[in-house]
Amino acid sequence: MMINSDSLFSALAHLLRLRALLLMQQEGELCVCELTHALTDDISRHLAQSRQAGLVSDRRQGLWVYYRLQPGASRVGAAGTGGDGTGRGRPDALRC
């Protein structure tokens with residue numbers, strides 16, 4: 001899937017989406033519960049917008065939904081600001 005530049009910049013414009021993308025770049029595939037724990041309870045709509053923009057893909061495994069960067073999107077955080085995009089480094093606990 002080709003990433004449209006308007007969709008890309010719209011997805012990156014929100015700090016929470018950018019943090020989620022940088023976290024996925026650092027950690028690889030993450031469960032939505034891990035992203036919620038590390039970022040905020042409001043992450044679901046941001047993940048949906050990132051998916052619609054073609055930046056992430058998801059897969060279901062039982063009750064859990066896992067998100068990962070699309071291969072072409074892995075360069076999004078190449079300049080990175082810290083492990084999770086906050087400048088604070090990696091969250092202490094990332095597992096469900």
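Biologist: What is the relative accessibility of Arg-68?

Modeller: Arg-68 has 30% relative accessibility, so it counts as partly exposed. Buried means under 20% relative accessible area, exposed means over 50%, and partly exposed is in between (1.4 Å probe, protein chains only).

Biologist: What kind of model is this?

Modeller: This is a predicted model, where local features need pLDDT of at least 70, side-chain atom pairs count only at pLDDT 80 or more, and totals for chains, interfaces and linings use all residues. Residues are numbered from 1 along each chain as its sequence is written, and side-chain values use heavy atoms, leaving out hydrogens and water.

Biologist: Back to Arg-68. Which side chain does it meet in a salt bridge?

Modeller: Glu-29, at 3.0 Å, N to O. A salt bridge is a side-chain nitrogen of Lys or Arg within 4 Å of a carboxyl oxygen of Asp or Glu.

Biologist: What else does Glu-29 pair with?

Modeller: Arg-59, in a salt bridge of 2.8 Å, N to O. Arg-59 is in strand E2 (residues 56-61), 30 residues from Glu-29. Glu-29, Arg-59 and Arg-68 are linked in a network of salt bridges.

Biologist: New topic. Which residues touch the most other members of the largest nonpolar core?

Modeller: Met-24, Leu-35, Val-56 and Tyr-67, out of 17 residues. A nonpolar core is a set of buried Ala, Val, Leu, Ile, Met, Phe, Trp, Tyr and Cys residues joined through side-chain atoms within 4.5 Å.

Biologist: Which elements give two or more residues to this core?

Modeller: Helices H2 (15-27), H3 (32-38) and H4 (43-52), plus strand E3 (64-69). H2 gives the largest share, five residues.

Biologist: And what is Met-24 in contact with?

Modeller: Leaving aside neighbours within four places in sequence, Met-24 contacts Leu-30, Leu-35, Leu-47, Val-56, Tyr-67, Arg-68 and Leu-69. Contact means heavy atoms within 4.5 Å.

Technical notes:
Helix = DSSP H or I, 4+ residues; strand = E, 2+ residues; numbered from the N terminus.
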